[in-house]
Amino acid sequence: MRYRSRGYSVFSISNTIFLSLLSLICILPLLHVLSLSFSSRAAATANIVNFWPIGFTTDAYVKTLGNEMFIHSLWIGVERTVLGTVLSMAVVTMAAYSLSKSVHKFPGRQIYIWIFVFTMLFSGGLIPSYILVSKLHLIDTIWSLVLPSAVSVWNMILMLNFFRTIPQELEEAAYIDGAGHLRVLWSIYLPVSMPSIATLSLFTMVFHWNSWFDGVIYMSNPNGYPLATYLHSMIVSDNLSRVGVTLASVDNFSNRTVKAAQIFIGALPILIVYPFMQKYFVKGIVLGSVKS
Amino acid sequence: MSRYLRVARLLTLSIAIGLLPTLAACSKNNNSESAPKSSSASASPSASESGKTEEPTDPRNQKFDPPVTITTAILDDGASRGNAFKPGESMEDNANIRWMKENMGINVKFDFIVTKPEDYDTKLRLLLSSGAKLPDAFAAGNDPLQSLLAADKLMPLDEAIEKYAHPEYKKLLEKYSYALGEVKKDGKIYGLPAFFMGDEGTVMWIRKDWLDTLGLQPPKTLDDFENVIKQFTENDPDRNGKNDTTGLAVPLKEGPWTWMGQTDAIVAALTDQMINTYDVRLFWNKGADNKLSYGAIHPDAKLYLQKMRDWMSKGYLDKEAGIKDPSKSSELVASGKAGIMFGPFWMGDWPLGDATKNDPKADFEPYPLPVGPNGLVGRAEKPLTQGFTVFRKDFENIEAWFAYFNKIYAKKLEMEGDPYFDPRWKDGYHEGYDYVKWDGKIVKGNYEAAGVPADQWPLKDGGTMDIRYMMTNILGNFTSIPHSNSAAVKKFLADPNAEPATALEFDIKQLKKRQLDAAGVRINQNITEGKNYFTGPMTPTMKSKGELLKKLATESYLKIIYGEKPIEYFDEFVKQWLDNGGQKITDEVNEWYAKNQ
Amino acid sequence: MAAYWRKTWPFHVLLLPAIALVIVFQYVPLFGAVIAFQDFEPWLGIKGSPWVGFEHFRYLFSYPDGKQIIWNTLIIAALKLIVNLIIPIIFALLLNEVRKMAFKRVVQTLVYLPHFLSWVILGGILIDILSTEGGIVNRALNSFGIPSIFFLGDGEWFRFTVVLSDVWKEFGFSAIIFLATLVGINPALYEAAEIDGASRWQQVKSISVPLILPIVIVVATLSLGRILDAGFDQILNLYNPLVYSHGDIIDTFVYREGLNNGQFSFGTAIGLFKSAIGFILIVISYRMAFKLANYRIF
């Protein structure tokens, strides 16, 4: 086997080393944040924490987990992500199925596609969107966070490209058996496309998990903020701004360690999702080999 | 808006409400001498003077029947505020809201609550754009404020102030009327200012242990100062055998003037000009001809640039100063890599107190500012106001608003015989929140140590509550009384163990020793702070060219300091500055000044 | 016509939810884009604000720094577009060669982490590791006898730093799409090539690369739409007066202008300009792909 050739082993070993180094470089920033979250305030102020906590303490976590607002927004973040992803994937998948058909099979697809692509680039902007959402009485509801962004054209285009690679014979056989389009989509397209669906679901989840600006705009009270919005307001506001409160509790100034803890806990759910999704990638291979 | 101002705006609320008594971590005898005596005639409520048909109401016990509802909006920075509410309570539902409802007949409703200053302005603009009703009373500043004024959406306040405001507050407004430029239109006042305490003037923080190690004296002159930063840079003051120390930690990303690490002291030792490059509204200095001119383009600025350039080339300044903001820069002092940093008195705790925690030897002490070759010494004054509380034009219940405001203001003054002082707030605001009565004493913190049983602690963990957020609600911005804490600082400098008599003194007593020392250093050095003479709204050219000029000035300054451009480049910069709108702004500023002097 | 509907109605029905959402949430607010041609004032509303025509566009181009800012944007965005495409592809191909599933998964997960840290955090970390005073990168350079480089304070190096750090943050995430495509390739193809005696390198060249090419082209085309997005968050957190001349981009410029004036109109106008350029580029590349390769990208 070629895999065992000498050249290939050399490549294999250097490849492994290279990828390990690359992973190391990528994990360092998160490791830094993690170490910071377990360090003392003084060490954080001096920025002497590298990749191991200095003055180990779990105070930051006690504070973070005892913070009602954090926990509440974490929950809204999860809710929004789940609802948003399910909705978006359903809408996008159905549309992508139709659009994956050639012009011959589906005359008129070109009109649709350009209607979608146009919105990828042009948008009305903040004010009209806000006016619309408030006219629809969606302000302060979770729908204001999931409906406006439900149609991801980017995902739709990737999806339709994935669908196109599905062998024609598969669906034609199904049509002959009398299956309709919905049935073909459900029982042929979806199972074969698990890797791509997993991928695009991941993109959608990440998008929802990280979106913060719509929370600011559409929620009139921080009680409705999803986690990303909450975190953004924590992290971006300069910690120095608080030092003006000279006569108040000093513990709340310069709470870099608490911020670090919040960043870490905030990233955790979405970080866990990926390894979990990877099993669908493998499944895809199996199905892929079956199909021909 | 410059970063500094953004921060400053947040500070407004924080500092302003910082005056309210909160964290006094000690107990005080119940028989307080600050209880009001209603005998004083000097401060009778003006409502009784002006209103012919009105009954003279007792301002202490004003209750509105039928109840009124006041809508507002607020910036609730959840990140910094710590424990502002008990579990289950919130900005919208808490002890004070209920108290106001029951005792004053005032219902408070929030149209929106945000967590960041930028978001506040965005929300306000969105609200306006969608044609929604404005809140009744709310904070506004800068551009939104000017929009509201231009749109004629706000209520002129002269009459209401005259009729309802606390007499002491009227005096305060008169005293600082020069700072109201932004809310004056056609001779009327449209907003109540949020004053800073004005106590954040620069002091010089130096590693005393390094001075001692190197056998140096604290620098009295700018030449001494230069020698100290030279020695700190070159002579291994931390004795670790490595050449890894710097003289001065200074953030230059935002120009010479910022909120910490600023170099106004160096500027002021060389010239009587005040210099900032990061905001075209600061600093406009008054010349001998009674005209205003922009400090950053004054020829004297070259003296400053020359000095900084020289120090930068010799390595006395942090070489990366140009890419650092104040908080990044402070890491150098907190980690023991730099020996001097300028800044406000509060630095004694954060970040400099942290330096000591990391290295017990690290001893940052505050010192008076150095004197320049011509005997000049000084610092710049942080603008006294930031933001205003404004009222919707058709707001009908301004009397109710002032009833609440006066109560808070009287509590802050704690003036003897004040008829506005509510005796129900004698010991604190709300029992079980900011204070607890135990064993005949008022306990305001350290409940466990004071022997208060756990079931009576305001919070389960025995911590202190920061009640200011609860109290601020309809006030929008809340004002400090500028420079009102000097006496308290002096009192505790003289006797650190003195008994605090007022809420303000309670707070001052909570300062860390270094902070108190630094506040004393600033007060005792007794120098006139360089004022910004332009306090008006942004001029049209400032709006259109301000950002360009800010970029040009900050960039040019840094290029000269870093030696990328020769010092002569300054003249070219000045020409560009004037040509690109600077001249026009200067004219507009002077036009304003001539009118509003 | 009736025949057309009879044949295609299921397609239209499946498209209905997406089209409805897009019309309500994208097309209805589009009327608001007219404020690009107004001097919009919130209290006057869209109906009442004065019209100024192309004034805001003119402002950008006649701005003293305007050309510089556009040039900075273009060069940084173009470099990012290219590098952010090539590196993830190479990475995906290399990772695809790894046989040990566990190792593959671990690497894949780890490289994806930086995507989840915001630039505020990464900016602070970058200042530290790139410091000329003991930062790890410069220490490494020094040990090879190379003098320290002021990465964030030197214009030319600044652009380089921006592009490289962006790749560092994003390549793991960008690679996901290519990895997903690679695992979808039918293993039988490789087996057949193996039997024909093709080396692993030849297999990569003649199977993996051609099969991910369509996705690469799609991604590249769609990225072209963002040719004037040079990365607002990143630049905002990394730039400073020393590198304004090389690092100030359209978005940071609009941001600064907006902070002073709350100028919705100006921001909208610039946004419109950026979108128009992006749209034109997408249309051109779509046409080219169709003409040259007879391939519809979407």
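Predicted model: local features only at pLDDT ≥ 70, side-chain atom pairs only at ≥ 80, totals over all residues.
B:D439 sits in the loop that joins β16 (436-438) and β17 (441-443) of chain B. Its phi is near 60°, a positive value in a residue other than glycine.

**Backbone geometry in chain B**

Two peptide bonds in chain B are cis. One runs from B:L282 to B:F283 and has an omega near -20°. B:F283 belongs to the loop between α10 (264-270) and β10 (284-286) of chain B. The other cis bond runs from B:W350 to B:P351, with omega near 5°. B:P351 is found in the loop between β12 (338-343) and α13 (352-358) of chain B.

| Residue or bond | Value | Loop in chain B |
|---|---|---|
| B:L282 to B:F283 | cis, omega near -20° | B:F283 between α10 (264-270) and β10 (284-286) |
| B:W350 to B:P351 | cis, omega near 5° | B:P351 between β12 (338-343) and α13 (352-358) |

**Confidence**

Chain B has a mean pLDDT of 86, and 89% of its residues reach 70 or more. Its residues 1-55 have pLDDT below 50; beyond near neighbours in sequence, this stretch has 138 contacts in the model.

For chain A the mean pLDDT is 85, with 88% of the residues at 70 or more. In chain A the pLDDT is below 50 over residues 239-251, a stretch with 44 contacts beyond near neighbours in sequence. Residues 284-292 of chain A also stay under 50, and the model has 20 contacts for them beyond four places in sequence.

**Chain A: two domains**

The domain assignment divides chain A into domain 1 (2-45) and domain 2 (59-291). Eight residues of domain 1 are in contact with nine residues of domain 2. On the domain 1 side, the elements that give two or more residues are α1 (6-37) and α2 (41-45) of chain A. α1(A) has the largest share of that side, four residues. By class, the domain 1 side holds four nonpolar, three polar and one charged residues.

Chain C has 14 helices and zero strands. Its C-alpha atoms fill a box of roughly 75 × 75 × 35 Å along the principal axes.

Two packed helices are described by the angle between their axes and the distance between the axes. For α5(C) and α8(C), the angle is about 135° and the axes are 7 Å apart. The two helices are therefore oblique to each other, and their crossing is left-handed. From α5(C), the contact is made by C:Q108, C:V111 and C:Y112, and from α8(C) by C:F171, C:G172, C:F173 and C:L179. By class this contact has five nonpolar, two polar and no charged residues.

**Contact of chain C with chain A**

Chain C gives 65 residues to this contact and chain A gives 72 residues. On the side of chain C, the elements that each supply at least two residues are α1 (2-30), α4 (66-96), α5 (101-112), α6 (119-129), α8 (155-183), α9 (187-195), α10 (200-224) and α14 (264-293). α1(C) makes the largest contribution to that side, 15 residues. The classes on the chain C side are 45 nonpolar, 15 polar and five charged residues. The packed helices α5(C) and α8(C) are both among the elements listed for this side.

**Contact of chain B with chain C**

Here 27 residues come from chain B and 23 residues from chain C. The elements that give two or more residues to the chain B side are α4 (117-129), α5 (142-150) and α19 (540-561) of chain B. Of these, α19(B) gives the most, with eight residues. By class, the chain B side has eight nonpolar, seven polar and 12 charged residues.

Conventions
Residues numbered from 1 in each chain as written. Chains lettered and ligands numbered in written order. Contact = placed C-beta atoms within 7 Å. Nonpolar A, V, L, I, M, F, W, Y, C, P; charged D, E, K, R; others polar. Domains from an automatic or database assignment. Axes fitted to C-alpha atoms, helices over the stretch in contact; angles between N-to-C directions. Parallel < 35°, antiparallel > 145°, perpendicular 65-115°, else oblique. Left-handed = near helix turned anticlockwise from the far one by under 90°. pLDDT = per-residue confidence, 0-100.
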